[in-house]
Amino acid sequence: MKIVFFGTPQFAVPTLEKLLNHSEFEVLAVVTQPDKRRERGNKLTPTPVKAIATAHNLPVWQPERVKKDTETLSKLKQLDADVFVVVAYGQILSAKILNMPKLACINVHGSILPKYRGAAPIQWCLYNGERETGITTMLMDVGMDTGAMLQIATTPIGLLDNAQDLADRLAEIGGDLLVETLLKLERKEIQPIPQDNLAATYAPLIQKPDYGLDWSKSAIQLHNQIRGFYPNCTATFRDNLFKITASAPLGSVGDRVPPELQDLIHKLPDLSSTSDKPGIVVSIVKGLGAIVQTGEGLLLLREVQLAGKRPQSGWDFVNGSRLTVGEVFGAGS
């Protein structure tokens, strides 16, 4: 099966690698986003997908706008591919492109469709506190993740999973599911299933205001925001903005609590007590970090990152800043 691969970030790499290592597939070329300049040294850095493609001596095309780039369109047409595979490419494909491959244009999407169509399905499923997510392979059409579904693979979400953890796991699942989908599609063993548009939800790009933490929210809401929009959620400490990169809600999370947190809850019988001031430090646990009052429940700060510094454990933050019970964290922005 002759394939053209469209993809850009690390999330797409396992799928490309599984195609390259499978005897039934031949990757003819790779289309990825243009290189970007990174902060350090301002050097152009290739996309993760380009790095893999280059290592395998594949043709790599990086049009600014693929549907308007006549040279790329001509090359794609000349390849006469069986399938276009799209994994987090980052550009909308036109109907002209979608109609080029002989068999299909297939997308590997990071959610259980029709929920979480759009650019950030992994982040928003965590933000909304979902306990399960997955990968959907689908036939592409001109809509935003609206095509008929081919196969779905699911995975549970742990209480302490963040967006990076989940993306890494889903990337591997997606690669395996795509291989299985292509083989079954070629053998005509899959019947595409139309999506229920009435059940659809949308997962838009994350915007800067989404990162700001509001301590009047509940502990579980703040935790889901911190892990969903990892590693960028912010609060203020002594009038300076800083990031909270890992947390844990204490109480009201049932059987999902990891053993180390269950021990903590048992050791601190006053965790159910409340203060009238969200954001106040109500306790400091040796070896773990600060416990903060929220609008409902308490939140353990497991990891933070001060401006210009590397991430550090909650306990190192307590020691380094000499944090005391009664100090108050402010909202982020």
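## Fold, sheet and salt bridges

The protein has 9 helices and 15 strands. The model is a predicted one. Along the principal axes, its C-alpha atoms fill a box of roughly 70 × 45 × 35 Å. Of the 333 residues, 48% count as buried. Among contacts with a separation of 6 or more, 65% come from residues 24 or more positions apart.

**The open sheet**

An open sheet is built from 7 strands. Their order is β5-β2-β1-β6-β7-β8-β9, and the pairing is mixed. The edges are β5 (60–61) and β9 (149–156), each pairing on one side only. Strand β8 (residues 132–139) runs antiparallel to β9, and 7 bridges join the two. In one of these pairings, Thr133 has Thr155 in β9 as its bridge partner.

**Charges and salt bridges**

The side chains include 35 positive and 35 negative ones. The centres of these two sets lie 6 Å apart. The salt bridge count comes to 11.

| Pair | Closest N and O atoms |
|---|---|
| Lys50 and Asp35 | 2.9 Å |
| Asp80 and Lys102 | 3.4 Å |
| Lys184 and Glu180 | 3.1 Å |

Take Lys50 and Asp35, whose salt bridge has its closest N and O atoms 2.9 Å apart. This pair links distant parts of the chain, 15 residues apart. Lys50 sits in helix α2 (residues 48–55), while Asp35 lies in the loop between β2 (26–31) and β3 (36–37). Lys50 counts as buried because its relative accessibility is 18%, under the 20% cut-off. Asp35 is partly exposed, with a relative accessible area of 24%.

Asp80 forms its salt bridge with Lys102. Here too, distant parts of the chain are linked, 22 residues apart. Both partners are in loops: Asp80 between α3 (70–79) and β6 (83–87), Lys102 between α4 (95–98) and β7 (104–109). Asp80 is partly exposed at 42% relative accessibility. Lys102 counts as exposed at 56%.

Lys184 and Glu180 form a salt bridge within one helix. They are 4 residues apart in α6 (residues 163–186), so about one helical turn separates them. Lys184 is partly exposed, with a relative accessible area of 24%. Glu180 is also partly exposed, at 34%.

Terms used: Residues numbered from 1 in each chain as written. Predicted model: local features only at pLDDT ≥ 70, side-chain atom pairs only at ≥ 80, totals over all residues. Heavy atoms only, no water. Buried < 20%, exposed > 50% of the residue type's maximum accessible area, 1.4 Å probe, protein only. Contact = heavy atoms within 4.5 Å. Lys, Arg positive; Asp, Glu negative; His and termini not counted. Charge placed at Lys NZ, Arg CZ, Asp CG, Glu CD. Pairing = 2+ DSSP bridges. Salt bridge = Lys/Arg side-chain N within 4 Å of Asp/Glu carboxyl O.
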